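The sequence and the structure are shown first.

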Amino acid sequence: MRPQRTSGSATVANGNTTAVVSHGLSKTPTRVLVSPTLWSNASKVWVTTIGASTFTINVNVDPGVGTATFHWRASVEEGD
């Protein structure tokens with residue numbers, strides 16, 4: 001099987017500490033990479049709840065008015 005990859009951007013809005021992202025892959029990703037483009041008040045990011053159609057981006061604090069934005073890449077690697 002050839003690796004499947006997809007990517008996009010996501011925003012954790014003011015008043016929240018999570019964003020649920022639809023990844024569009026045909027199966028659960030084995031890897032999800034997240035790169036911040038704007039932190040605002042947040043200073044840590046991690047991914048949880050990686051599933052067949054979505055994953056969740058988490059930040060340590062409410063990002064505030066500026067929101068927190070991220071580029072992400074999800075993949076199903078060969079053999080997975």
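A residue is called buried when its relative accessible area is under 20%, exposed when it is over 50%, and partly exposed in between. The model under discussion is a predicted one.

**Overall architecture**

The protein chain contains six strands and zero helices. Read from the N terminus, its elements follow the order β-β-β-β-β-β. The C-alpha atoms occupy a box of roughly 45 × 20 × 15 Å along the principal axes. For 80 residues, a compact globule would have a radius of gyration near 12 Å, and the 13 Å found for the protein chain agrees with this. Of the 80 residues, 31% are buried.

Contacts across the sequence are also described. Where contacting residues in the protein chain are at least 6 apart in sequence, 70% of those contacts join residues at least 24 apart. The protein chain exposes about 4600 Å², and carbon and sulfur atoms supply 48% of that area. Its side chains include 6 positive and 4 negative ones, and the centres of these two sets lie 3 Å apart.

**Aromatic pairs**

A pair of aromatic rings is described by the distance of the centres and the angle of the planes. How many aromatic pairs does a search of the whole structure find? The search returns two.

In one of them, the ring centres of Trp 39 and Phe 70 are 6.0 Å apart; the planes stand at 85°, and the pair is therefore edge-to-face, since planes over 60 degrees apart are classed in this way. This pair links distant parts of the chain, 31 residues apart: Trp 39 belongs to the loop between β3 (31–38) and β4 (45–48), whereas Phe 70 belongs to strand β6 (residues 68–76). Trp 39 has 30% relative accessibility and so counts as partly exposed. Phe 70, at 1% relative accessibility, counts as buried.

The rings of Phe 55 and Trp 72 also form a pair, with centres 5.3 Å apart and planes at 75°, so this pair is edge-to-face. Here too distant parts of the chain are linked: Phe 55 is in strand β5 (residues 54–59) and Trp 72 is in strand β6, 17 residues apart.

| Pair | Distance of ring centres | Angle of planes |
|---|---|---|
| Trp 39 and Phe 70 | 6.0 Å | 85° |
| Phe 55 and Trp 72 | 5.3 Å | 75° |

His 71 is placed in strand β6. Is His 71 buried or partly exposed? Its relative accessible area is 46%, so His 71 is partly exposed. Apart from neighbours within four places in sequence, His 71 is in contact with Gly 8, Ser 9, Leu 33, Val 34, Ser 35 and Thr 37.

Leu 33, one of these contacts of His 71, lies in strand β3. The C-alpha atoms of His 71 and Leu 33 are 8.4 Å apart in space, while the two residues are 38 residues apart in sequence. With 44% relative accessibility, Leu 33 counts as partly exposed. Not counting residues up to four places away in sequence, Leu 33 touches His 71, Trp 72 and Arg 73. Leu 33 and Trp 46 are 13 residues apart in sequence, with a C-alpha to C-alpha distance of 9.2 Å.

How values were computed
Residues are numbered from 1 along each chain as its sequence is written. Side-chain values use heavy atoms; hydrogens and water are left out. Rings of Phe, Tyr and Trp (its six-membered ring) pair if their centres lie within 6.5 Å; planes under 30 degrees apart count as stacked, over 60 as edge-to-face and the rest as tilted. Helices (H or I, at least four residues) and strands (E, at least two) are DSSP runs, numbered from the N terminus. Buried means under 20% relative accessible area, exposed over 50%, partly exposed in between (1.4 Å probe, protein chains only). Contact means heavy atoms within 4.5 Å. The radius of gyration is taken over C-alpha atoms; the globule rule is 2.2 Å times the number of residues to the power 0.38. Accessible areas come from the Shrake-Rupley method with a 1.4 Å probe; for residues, only the protein chains shown count as cover. Lys and Arg count as positive and Asp and Glu as negative; His and the chain ends are not counted. The place of a charge is taken as NZ of Lys, CZ of Arg, CG of Asp or CD of Glu.
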